[in-house]
Amino acid sequence: MPDGAPPRPAARAAPAAPPRRAGPARTLRDAAALVRAGLVAPEAEGAIARVAERYAIAVTPAVRALIAPADPADPIARQYVPHPEELATAPWEVSDPTADGPHSPVKGVVHRYPDRALLKPLLACPVYCRFCFRREVVGPEGGLLGEAELEAALDWFARTPAVREAILTGGDPLMLSPRRLGRILARLGAMAHIEVLRIHSRVPVADPERVTAALAEVLGGAGKPLFLCVHANHAREFSPAAGAALGRLAAAGVALLGQSVLLRGVNDSVEALEALFRAMLRHRVKPYYLHQLDRAPGTARFEVPVEEGRALLRALRGRVSGLAWPTYVQETPGGGGKVPLGPAFEAPAPGGG
Ligand code: SF4
């Protein structure tokens, strides 16, 4: 177990019966299903059911296959399997920590910086990460923009020529059908002032089967440069299936970036970060951002102090090339945007030793 990490739930330490398989594996969406899969001990089912009343749960078959249930500190389980501590909100934790709400000119749009804006076409995800900063709004009920709402959001982009970059996020935009996603990208791409499209997604690692040839074709044929920002926090998330999905995207001409969150018990060591960023590069994914945890309710067990994060990155610098080096950033509370956190390095004096 990593230093400073809270103990794993008693539920995880208990021996579990092997899951019974009947038909194709399904996404696990409630406490009972997690117990049946051996990811939660039966005596913890009640506590996990209370977590589920507050925050969505989903563990896809692809993620389930990556989890080592016998390991109480498994870094994959820690990201996706709910924990009773989520029911406790620390005094410093806030709803909507990135302040999307106050920066939303119309439903589904967040405009925080002059030259770029977010479009959130839906709020469903393939998995529900236990540290998510939007955990109070994402969920399987979807938050899908209706036709009129989507039209109003696209109209806002059309009427806002200062915006050069449209960023699709959510939820996870790759949960949309290729047809619907293609229509949205085509509308945005046809706007002369939109120069770049970006999509943030967990799908390539958490549900790689969704990256079909049809989806790759839609993304690769968007008509404007499209960057897909893949969210992954541990090297093991790059499974063979994820690798094949990323290969399909790269072959279709999609530029791939990586974004990660610094998480206690998942990637809070130099070795884990090195392995993560090297895995990204092997899959043609350029590490882009390493985020400091946003203080959403019930996420305190994941927090790594900023000074510790800086020390980790300082130690990493000599071990990996600049290609494997993301920018370590923190969202300013209240929606002020991202601030690079360093670490700062001093160049040796010219001619110095
Ligand atoms: S996939 Fe993204 S939006 Fe969805 S729960 Fe995970 S971090 Fe949150």
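Which residues does UniProt list for "domain: Radical SAM core"? The UniProt record, in an unreviewed entry, gives residues 111-323 for this feature. UniProt positions are stated in the numbering used here, feature names are shortened, and annotations may be inferred rather than shown by experiment. The model is predicted: local features need pLDDT of at least 70, side-chain atom pairs count only at pLDDT 80 or more, and totals for chains, interfaces and linings use all residues. Residues are numbered from 1 along each chain as its sequence is written.

Over residues 111-323 the chain is 34% helix and 17% strand, with the end C-alpha atoms 30 Å apart. Helices (H or I, at least four residues) and strands (E, at least two) are DSSP runs, numbered from the N terminus.

The chain is divided into domain 1 (25-87) and domain 2 (101-340), with bounds that come from an automatic or database domain assignment. Taken over C-alpha atoms, the centres of domain 1 and domain 2 are separated by 23 Å. The contact between them takes 21 residues from domain 1 and 23 residues from domain 2, where two residues are in contact if their C-beta atoms, placed from the backbone, lie within 7 Å. On the side of domain 1 that touches domain 2, the elements giving two or more residues are α4 (61-66) and α5 (75-80). The most is given by α5, with five residues. The residues of this side of domain 1 divide into 14 nonpolar, three polar and four charged. In this division Ala, Val, Leu, Ile, Met, Phe, Trp, Tyr, Cys and Pro count as nonpolar, Asp, Glu, Lys and Arg as charged, and the others, Gly among them, as polar.

For "binding site", UniProt lists Cys125, Cys129 and Cys132 in an unreviewed entry. Cys129 lies in the loop between β2 (116-119) and α6 (147-158), and the place of Cys132 is also in the loop between β2 and α6. A residue is buried if 20 or more other C-beta atoms lie within 10 Å of its own, exposed if 12 or fewer, and partly exposed in between, with C-beta atoms placed from the backbone. Cys129 is buried because 21 other C-beta atoms lie within 10 Å. Cys132 likewise counts as buried, with 21 C-beta neighbours inside 10 Å. Leaving aside neighbours within four places in sequence, Cys129 is in contact with Gln79 and Tyr80. With residues up to four places away in sequence not counted, Cys132 touches Val138 and Ala296.

A further UniProt feature, "modified residue: N6-(pyridoxal phosphate)lysine" (unreviewed entry), is placed at Lys338. Lys338 lies in strand β9 (residues 337-340). It has 16 C-beta neighbours inside 10 Å and therefore counts as partly exposed. Apart from neighbours within four places in sequence, Lys338 is in contact with Val329, Gln330 and Glu331.

Helix α10 (residues 240-251) has 12 residues and should span 16 Å at 1.5 Å a residue; its end C-alpha atoms are 16 Å apart, which agrees. The expected span is 1.5 Å times one less than the number of residues. The buried residues of α10 are Ala242, Ala245, Leu246, Arg248 and Leu249. They cover an arc of only 155° around the axis, and so lie on the same side of α10; the arc is that of the directions from the helix axis to the C-beta atoms. Pro240 and Ala251, on the other side of α10, are exposed. The buried residues of α10 pack against α8 (203-206), α9 (213-220), β5 (226-231) and β6 (255-261). Gly253, which follows α10, has a positive phi, near 95°.

Val285 is found in the loop between α11 (270-282) and β7 (286-291). It is buried, with 25 other C-beta atoms within 10 Å. Not counting residues up to four places away in sequence, Val285 touches Val230, Leu246, Leu256, Leu257, Gly258 and Met280.

Helix α12 (residues 306-317) has 12 residues and reaches 17 Å from its first C-alpha to its last, close to the 16 Å expected at 1.5 Å a residue. In α12, Gly309, Leu312, Leu313 and Leu316 are buried. They cover an arc of only 95° around the axis, which puts them on the same side of α12. Glu307 and Arg317 are exposed on the other side of α12. The buried residues of α12 pack against α11 and β8 (327-332).
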